[in-house]
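Subject: Structure handover

Hi,

Here is the structure I promised you. My notes follow below it.

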Amino acid sequence: EDDPTITTLCQTDAIALVKTGVFNDVDADLCSTAGVDTITYSFMITNQGNTSISSVTLADPLLGGLLTALPTGDTDGDMELDSTETWVYLQDYTITQADIDLGMITNQATADGTAPTGPVTDLSDDNSVLEDDVTVTTLCQNGAIAIVKEGMYNEISGNSCADAGIDTVTYTFTVTNEGNTTITGVTVTDPLLGGLLTALPTGDTDSDNELDVTETWVYVQDYTITQADIDTGS
């Protein structure tokens, strides 16, 4: 008696996330620079069902977790992802030295929300043919090392001329990283000084035995002048 007429409707709840990255050459040096160049990440969230989705959140571990950027696309301003809406988030990430040494940045974000039938979630993909594939941004790597060698004559005998077996030359080797990647296994070899230098360098500021892009290593080693050197005159 007087009961309402109920017509059940089909509900499909689905959320989808696409994440892409664009490299920004901030210093315009045509390669990646740690602490300067950035990646602008674009996150596009779409409602692929037929119900409105509320409490939409976007999390990316690379960007510190929950994104603080506000999306565009909420056309009616009700803070619900309607079935006709696409929300877009933009947030920058500053490239680190570790990223450059790896040669790429790889990660994945997650979109979450609440639909009428319960929670919905999706891992990001990069809009390629694969589903839920990670977003990879390749970084330019430029490995380069440079060495400058200088010699200072030491007049030890005090007779104002070279004496074999007494006077020396102090050689200074300045090694710099002229690329944008960390260099490991650094050695300096000089046949005049017996091959591989035994002198330990100064300049390894973080003591990790790696020549960082910000470091200059200096080796100093003495050489005792021989009679052959004097006879040659240099």
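Over how many bridges do E10 and strand E11 pair, and in which sense? E10 and E11 (residues 168-177) pair over ten bridges, in the antiparallel sense. Strands here are DSSP runs of E, at least two residues long, numbered from the N terminus. Two strands pair if DSSP finds at least two bridges between them.

Before you go on: this is a predicted model, in which local features need pLDDT of at least 70, side-chain atom pairs count only at pLDDT 80 or more, and totals for chains, interfaces and linings use all residues. Residues are numbered from 1 along each chain as its sequence is written, and side-chain values use heavy atoms, with hydrogens and water left out.

**The three-stranded sheet**

E10 and E11 belong to an open sheet of three strands, ordered E10-E11-E14, with antiparallel pairing. E10 (145-154) and E14 (216-224) are at the edges. Each has a single partner strand, so one side of each lacks a neighbour in the sheet. From one strand to the next, the twist averages 20 degrees. Such angles run from 0 to 180 degrees, between the N-to-C directions of axes fitted to C-alpha atoms.

**The cores**

The largest nonpolar core has 23 residues. A nonpolar core is a set of buried Ala, Val, Leu, Ile, Met, Phe, Trp, Tyr and Cys residues joined through side-chain atoms within 4.5 Å. Buried means under 20% relative accessible area, exposed means over 50%, and partly exposed is in between (1.4 Å probe, protein chains only). Ile-15, Phe-43, Ile-45, Val-56, Leu-58 and Tyr-89 touch the most other members. Strands E1 (15-24), E2 (38-47), E3 (54-60), E5 (86-94) and E7 (110-115) each give two or more residues to this core. E2 gives the most, with four.

Look at Phe-43. Leaving aside neighbours within four places in sequence, its contacts (heavy atoms within 4.5 Å) include Leu-17, Leu-58, Leu-63, Trp-87, Tyr-89 and Ala-109. A second, separate core has 14 residues, including Val-169, Leu-193, Leu-211 and Ile-225.

**Strand E9**

E9 (residues 135-138) pairs with E6 (residues 104-107) over four bridges, in the antiparallel sense. Asn-107 has Thr-135 of E9 as its bridge partner. In a regular strand, side chains alternate between the two faces of the sheet. E9 has a covered face, Thr-135 and Thr-137, and an uncovered one, Val-136 and Thr-138. Thr-137 counts as buried, because its relative accessibility is 6%. Leaving aside neighbours within four places in sequence, Thr-137 is in contact with Gly-21, Ile-39, Tyr-41, Met-104 and Ile-105.

**The disulfide**

The count is one disulfide, taken as a pair of cysteine sulfur atoms within 2.5 Å. It joins Cys-31 to Cys-140, with S to S at 1.8 Å. The torsion about the S-S bond is about -95 degrees, so this disulfide is left-handed. Cys-31 lies in the loop between E1 and E2, and Cys-140 in the loop between E9 and E10, so the pair ties together parts 109 residues apart in sequence. Cys-31 is buried at 10% relative accessibility. Cys-140 is partly exposed at 32%. Cys-10 is exposed at 62%.

**A distance**

Gly-118 is in strand E8 (residues 118-123). Gly-118 is buried, with a relative accessible area of 17%. Gly-118 and Phe-173 are 55 residues apart in sequence and 67 Å apart in space, C-alpha to C-alpha.

Best wishes
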